[in-house]
Amino acid sequence: MSGTLATRGARVAGVDLARAVAVAGMMTVHVLPSTSTGVQGVLYEAAHGRASGLFAVLAGVSLGLATRGTGPGRADRVGARTGVLVRGALVALLGLFLVLAGSRIAIILPYYGLAFALVLPFLFARARTLLPLALLWLTLSPVASLALRRALGVDSQTEQPTPLWLLAAPGRLLETLLLTGYYPVLGWTGYLLLGLAVSRLDLRERAAGVRVLGGGLVLAAVGWLASALALGPLGGAARLAADVAPADLGTVIGEPFYGTVPTTSWWWLAVVAPHSGSPPDLLHTSGTALAVLGALLLLPAAAVRVLSPVAALGSVPLSAYALHVVVLAAYPGDSGTLLAVHVVGACVLASVWRATVGRGPLETLVGDAGRAGAALVRGPAR
């Protein structure tokens with residue numbers, strides 16, 4: 001349509017495309033080796049740390065869009081929050097079971113599901129509240145995380161939680177998901193808050209796409225510049241050089257972490273490396289997520305039609321992600337050919353499913369359970 005963005009039914013096609021980019025980006029990091037060179041190396045570096053951040057920001061956008069029509073009554077809002085809580089619990093439980101598949105993937109879903117619970121108090125906040133809150137959260141939560149991990153004497157948790165942890169080690173499970181795991185929810189909640197803020201815009205309007213794209217580019221640059229300033233002119237790199245062995249200093253200039261930085265020095269919070277969970281990392285990846293979403297919202301209708309198989313993948317992200325984890329566990333590998341099989345195969349399967357059935361199987365299960373929980377709390381419709 002002229003002057004507005006292309007949509008398919010009630011869906012915003014740009015959001016579906018962005019979800020597809022997030023899923024394909026995570027597949028890229030899961031399949032390609034970290035030592036990739038050439039085009040594959042560029043794809044890996046572009047996706048590493050950024051694809052999962054995009055996935056989390058879009059979770060916030062999805063929550064905002066899904067609850068936009070909630071009535072103003074207390075029962076309506078409590079019901080909506082209950083529905084989100086049920087969905088988050090099912091997503092987290094699914095993630096714990098996916099760990100048992102035995103893939104080499106650090107499963108994001110348990111963290112993703114818990115983050116749903118942390119944003120519940122802000123589910124209906126206005127954009128003018130959500131945006132500054134998200135930026136403050138992304139900036140200050142890494143400081144709180146480092147302080148807490150210092151006080152508790154804990155560091156990065158490389159072992160992935162399984163369903164057994166629910167009974168055998170619930171405290172360790174909560175600590176891992178909140179503080180020490182690969183996607184620590186204490187910091188990653190900021191991504192969802194940012195997505196909620198974006199969801200308050202009319203994403204069908206071109207002006208919204210421009211604002212999201214422009215804001216994302218600025219935020220991504222701010223993250224990089226803040227790290228460069230802190231590590232360079234302010235002397236952070238020199239301080240860290242005295243804190244670590246020379247062989248480990250490469251981490252300072254971009255080698256990836258496992259969700260958190262060491263607690264040995266506050267200067268670790270200045271790095272911008274993938275999955276460091278530092279303020280520059282969270283701000284930069286939030287910015288790249290907004291830039292991708294904004295650019296895709298601005299695509300002309302003709303381009304959206306051509307990319308409909310990609311949008312189909314983005315309409316079933318949970319099902320596609322789970323299938324990818326299971327298939328990679330059964331048929332491991334690390335080649336560009338295998339990556340193409342995963343991405344193209346997911347687009348084809350999603351297109352066929354969407355054309356013949358509609359919603360994805362896991363999306364249907366989680367969505368229906370969430371609506372049932374919401375209805376149970378709200379009571380019969382009046």
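In this predicted model, Arg19 and Asp16 form a salt bridge, with 2.6 Å between the closest N and O atoms. Both residues belong to helix α1, which spans residues 13-31. They stand three residues apart there, so about one helical turn separates them. Arg19 and Asp16 are both buried.

The search of the whole structure returned seven salt bridges. One of them joins Arg204 to Asp202, and their closest N and O atoms lie 3.1 Å apart. Neither side of this pair is buried. Arg204 is partly exposed, at a relative accessible area of 44%. Asp202 is partly exposed as well, at 32% relative accessibility. Shared partners also link salt bridges into a network, which contains Asp16, Arg19 and Arg354.

Another salt bridge connects the side chains of Arg149 and Asp155, at 3.8 Å from N to O.

Ser52 was examined for its surroundings. This residue sits in helix α3, which covers residues 50-66. Its relative accessibility is 4%, so Ser52 counts as buried. Leaving aside residues up to four places away in sequence, Ser52 touches Met26, Ile108, Tyr183, Trp188 and His275.

How values were computed: Residues are numbered from 1 along each chain as its sequence is written. This is a predicted model: local features need pLDDT of at least 70, side-chain atom pairs count only at pLDDT 80 or more; totals for chains, interfaces and linings use all residues. Side-chain values use heavy atoms; hydrogens and water are left out. Helices (H or I, at least four residues) and strands (E, at least two) are DSSP runs, numbered from the N terminus. Buried means under 20% relative accessible area, exposed over 50%, partly exposed in between (1.4 Å probe, protein chains only). Contact means heavy atoms within 4.5 Å. A salt bridge is a side-chain nitrogen of Lys or Arg within 4 Å of a carboxyl oxygen of Asp or Glu.
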